[in-house]
Amino acid sequence: FFPSLAIGGGETVLRSGAHEYPFRTRFPEGNFPSSFQGVHGRVFYALVVQIHRPWHLAKEFRSELNFVSHIDANHPQLLAPLSASNDKELCCLCCTSGPISMNCRLDRKGYVQGEMIQIIAEFENASSRTLVPRATLVQTQTFYTYSRLSKRCVPKNLVKVEGTPVMPHRSGVWGNQMLQIPANIPLTISNCQILEVDYFLMVSLCIPNGTNLSVIFPLIMCSIPVCRPPA
């Protein structure tokens, strides 16, 4: 909540007729979350103008503002490369079918809306099943009670890409698999007491009639893109 601002430092009396009063104000300093419309709640900012009339209720005019919090993808922690691996044994009835494994890498953690994510991965399939590699960008909206004693999490798959199936007893490689981030998704929100908006990339080997093998990379949706050095 922000304090009210009085134009000119006090009340302005409007006589009968049309009036135009240009003014400007500074957004308060602080670490505020970006504007957001969610499943169970929202964050919004508004400019409110009131006209007080003698013996009448105040006339109020409200205009919502789209506020974007500055999240810089050039922060060293967001530029560090990410890597993850996972493996498991597959079984066919009472017999062991063979191990499968995956090793995945991303070049960084911070991205902006509309950007492409480059995924590098190696898949090993020593089983008797055909596996399908898949990458999915997931958004989670988490809503808390005021005391944060309870919460509700709403996941949403935003976009996915599938690769060439990995045949039994073969290996597969994603040397330059690209996944595009949607251009209209909200930014990451981690500075609000009652809601959070998070993103992660899940890379999976999809196993028919079984539980997928997956790795998860947490991502940050930023407002300031990575500064590329001139060529």
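Trainee: Which residues form the nonpolar patch on the surface?

Mentor: This is a predicted model. In it, Tyr-21, Phe-23, Phe-27, Leu-47, Val-49, Ile-51, Phe-61 and Leu-65 form that patch. Together they have about 670 Å² of accessible area.

Trainee: Which strands supply at least two residues each?

Mentor: Strand 3 (45-51) and strand 4 (59-65) do. Strand 3 gives the largest share, three residues.

Trainee: Why is Phe-61 called partly exposed?

Mentor: Phe-61 is found in strand 4. Its relative accessible area is 43%. Buried means under 20% and exposed means over 50%. Phe-61, at 43%, lies in between, so it is partly exposed. Patch membership needs over 30%. The 43% of Phe-61 passes that cut-off too.

Trainee: What makes Ser-204 count as buried?

Mentor: Ser-204 has 5% relative accessibility. The cut-off for buried is under 20%, so Ser-204 qualifies. Ser-204 is found in strand 12.

Trainee: What does Ser-204 touch, not counting residues up to four places away in sequence?

Mentor: Ser-204 touches Met-102, Val-132, Pro-133, Arg-134, Asn-212, Leu-213 and Ser-214.

Trainee: How do you know that the side chains of Ser-204 and Ser-214 make a polar contact?

Mentor: The distance is 2.7 Å. A polar contact needs a pair of N or O atoms within 3.5 Å, so 2.7 Å meets the distance limit.

Trainee: Why is Arg-170 called exposed?

Mentor: Its relative accessible area is 57%. Exposed means over 50%, so Arg-170 is exposed. Arg-170 sits in strand 11.

Trainee: Which residues is Arg-170 in contact with, leaving aside neighbours within four places in sequence?

Mentor: Arg-170 is in contact with Phe-123, Glu-124 and Asn-125. Arg-170 and Ser-127 are 43 residues apart in sequence, and their C-alpha atoms are 8.7 Å apart.

Trainee: Is His-169 buried or exposed?

Mentor: His-169 has a relative accessible area of 56%. That is over 50%, so His-169 is exposed.

Trainee: What is the phi of Asn-209, and where is Asn-209 found?

Mentor: Asn-209 has a positive phi of about 60°, although it is not a glycine. Asn-209 is found in the loop between strand 12 (195-206) and strand 13 (213-222).

Trainee: What makes Asn-209 exposed?

Mentor: Its relative accessible area is 84%. The cut-off is over 50%, so Asn-209 is exposed.

Key
Residues are numbered from 1 along each chain as its sequence is written. This is a predicted model: local features need pLDDT of at least 70, side-chain atom pairs count only at pLDDT 80 or more; totals for chains, interfaces and linings use all residues. Side-chain values use heavy atoms; hydrogens and water are left out. Patches are made of residues with over 30% relative accessible area and no salt bridge: like charges are joined within 9 Å, nonpolar side chains (Val, Leu, Ile, Met, Phe, Trp, Tyr) within 5 Å. Accessible areas come from the Shrake-Rupley method with a 1.4 Å probe; for residues, only the protein chains shown count as cover. A salt bridge is a side-chain nitrogen of Lys or Arg within 4 Å of a carboxyl oxygen of Asp or Glu. Helices (H or I, at least four residues) and strands (E, at least two) are DSSP runs, numbered from the N terminus. Buried means under 20% relative accessible area, exposed over 50%, partly exposed in between (1.4 Å probe, protein chains only). A polar contact is a pair of N or O atoms within 3.5 Å; within protein, one must be able to donate a hydrogen and the other to accept it, and residues adjacent in sequence count only if both atoms are side-chain atoms. Contact means heavy atoms within 4.5 Å.
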